[in-house]
Amino acid sequence: MDREQLADFLRRRREALQPEDVGLGRGPRRRTAGLRREEVAALCDMSVDYYSRLEQRRGPQPSEQMLKAIARGLRLTLAERDHLFRLAGHTAPARASSGDHVSPGLMRILDRLADTPAQVMTELGETLVQTPAARALFGDETRHEGFVRSVVHRWFTDPASRDVYPAEDHPVHARAFTADLRAVYAKQGPRSRAAALVEATLAASPEFARFWEAHEVPATHARQKRLQHPEVGVMELQCQLLHDPDQGHSLLVLTATPGTESYDRLQLLSVIGAQLVASTTGSGTPAR
């Protein structure tokens, strides 16, 4: 690990980012070149102390998970991400069209959606990054590892993962999740990560096995979805997807019609999300 070069690289990338680049307001008294350390720490979902120690050449060696968070927070390109990993003493991740690195362009879009649930996901339904409102609604889906990272696997193995949808809508979502996974399996082939996910989910869930045997292919998804939160209730939301063909990622955005009760509830959810982020990044340890 090259502490001096790592610290220099982090500082220069932080100073190169402007508040407007990440959806933040500049404010009247900003004298810092680029972003403040506390702003970068919040973008990386870690404590200010942890990030500051890295820039001050006295932090511990970051884990690969922390480096991925830093790469997203600083909006690094793939080449910059690889450089970050090498400075920190890790091998750069293999590049793949379905990798975990979110493109800076997609991150810039996400930055402007802080007041609504939005998240970037892989083809297998693995959540890579979320807005605060999305975390308030779905929970922190980025914390999972292994097959549990996939929303499809969680749906059929963890009953609590279904709580965000009204019970009467569960059969529709179960069929849709299964059909979506089948489409990815057909695209990636029998020796792919999708195939391994299918095998693991078949072994864990007889319910998934029944849906899988039906061999349904994806239909056009309903743009209108009902989601619920224990504090705000049921919301009628519109679902939009923006695809990044180069990375194989999708940006999921949920909005509500202005003037409706669902819109008011979604505004309350955004407040809850902001409070959640403030509570998780105010501690002295990394949030991840």
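**Entry 1: Arginine 135 and its surroundings**

I began with arginine 135, which touches Asp45, Gln130, Asp140, Thr142 and Leu276 when residues up to four places away in sequence are not counted; contact here means heavy atoms within 4.5 Å. I noted that arginine 135 sits in helix α7, residues 132-138, where helices (H or I, at least four residues) and strands (E, at least two) are DSSP runs numbered from the N terminus. Arginine 135 counts as buried because its relative accessibility is 12%, the cut-offs being under 20% relative accessible area for buried, over 50% for exposed and partly exposed in between, with a 1.4 Å probe and protein chains only.

Before going on I wrote down the ground rules: this is a predicted model, in which local features need pLDDT of at least 70 and side-chain atom pairs count only at pLDDT 80 or more, while totals for chains, interfaces and linings use all residues. Residues are numbered from 1 along each chain as its sequence is written, and side-chain values use heavy atoms, with hydrogens and water left out.

I then followed one of the contacts of arginine 135, aspartate 45, to the loop between α2 and α3. Is aspartate 45 buried or exposed? Aspartate 45 is buried, as its relative accessible area is 7%, and I also wrote down that it has a positive phi of about 60° although it is not a glycine. Arginine 57, in the loop between α3 and α4 (64-73), likewise is a residue other than glycine with a positive phi, near 65°.

The contact is made by Arg37, Glu38, Val40 and Ala41 of α2 and by Val48, Tyr51, Ser52 and Glu55 of α3.

**Entry 2: Helices α9 and α11**

I looked up a second pair, in which α9 (residues 170-188) and α11 (residues 206-213) pack at an angle of about 65°, with their axes 10 Å apart. That makes α9 roughly perpendicular to α11. Among the residues making this contact are Leu181 and Tyr185 of α9 and Phe208 and Trp212 of α11.

**Entry 3: Histidine 249**

Histidine 249 lies in strand β5, residues 249-255, and is buried, with a relative accessible area of 1%. Leaving aside its neighbours within four places in sequence, I listed contacts of histidine 249 including Asp100, His101, His243 and Asp244.

Last, I checked the pLDDT, the predictor's confidence in each residue from 0 to 100: the protein averages 86, and 92% of the residues score at least 70. Over residues 283-288 the pLDDT is below 50, although this stretch has 18 contacts in the model beyond near neighbours in sequence. I reminded myself that where pLDDT is low, the predicted coordinates should not be read in detail.

Methods
Axes fitted to C-alpha atoms, helices over the stretch in contact; angles between N-to-C directions. Parallel < 35°, antiparallel > 145°, perpendicular 65-115°, else oblique.
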